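Welcome to my notebook. I opened a new structure today and wrote down what I looked up, step by step.

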Amino acid sequence: MNDCLFCKIAAGEIPSSKVYEDEEILAFRDIAPQAPVHVLVIPKKHVSGWYEAKEESDAALARLMRAAATVAKMEGIVESGFRVVSNCGADAQQSVAHLHLHVLGGRAMSGNMA
């Protein structure tokens, strides 16, 4: 998608602080971190959100989740604990219409996410 911020980052048109990359996934530091570790994990292929992801293969979605776990390991937050969050749609505060996961850690999280 031509006007998608995350597609431009994945294409290298906009610089990012890369943490992890493979053929299908890119992970980079959030520019407005909400925790000491705040990394966004995106598919390089444009997918607007979780509902649209129903068209994607199970393997592609599993790769996205595994990449989030890999990022947590790389960032040293597995032992202390980490949060993986995905905002879906305007009411959930999704600010970029490109499927992405937030990997957060490095401090005790507050709030009940249930």
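I began with the largest pocket of this predicted model, and I counted 28 residues in its lining. Asp-30, Ala-32, Gln-34, His-38 and His-102 are the ones that lie nearest the pocket's centre. I noted a volume of about 590 Å³ for this pocket.

Next I sorted the lining by residue type. It divides into 14 nonpolar, 10 polar and four charged residues.

Which elements supply the lining of the largest pocket? I found at least two residues each from helix 1 (5–10), strand 2 (25–29), strand 3 (37–43), strand 4 (82–85) and strand 5 (101–105). Helix 1 gives the most, with three residues.

Five of them form an open sheet, and I read their order as 1-2-3-5-4, with antiparallel pairing. Strand 1 (18–21) and strand 4 each have a single partner strand, so one side of each edge strand is left without a neighbour in the sheet.

Strand 3 and strand 5 run antiparallel and are joined by five bridges. Here I found Val-41 opposite Leu-101, a residue of strand 5.

My last entry is about a helix on the sheet. What does helix 2 lie across? I followed helix 2 (residues 58–74) and saw that it lies across strand 1, strand 2, strand 3, strand 4 and strand 5. Its direction is at about 155° to strand 3.

Terms used
Residues are numbered from 1 along each chain as its sequence is written. This is a predicted model: local features need pLDDT of at least 70, side-chain atom pairs count only at pLDDT 80 or more; totals for chains, interfaces and linings use all residues. Side-chain values use heavy atoms; hydrogens and water are left out. On a 1 Å grid over the protein atoms alone, a cavity is a set of points where a 1.4 Å probe fits but cannot get out, and a pocket is an open set with protein on both sides within 12 Å along at least five of seven lines; lining residues have an atom within 4 Å of a point. Grid points are joined across faces, edges and corners, and a volume is the space filled by probe spheres set on the points. Helices (H or I, at least four residues) and strands (E, at least two) are DSSP runs, numbered from the N terminus. Ala, Val, Leu, Ile, Met, Phe, Trp, Tyr, Cys and Pro count as nonpolar, Asp, Glu, Lys and Arg as charged, and the others, Gly among them, as polar. Two strands pair if DSSP finds at least two bridges between them. Contact means heavy atoms within 4.5 Å. Axes are lines fitted to C-alpha atoms, for helices over the stretch in contact, and angles run from 0 to 180 degrees between N-to-C directions.
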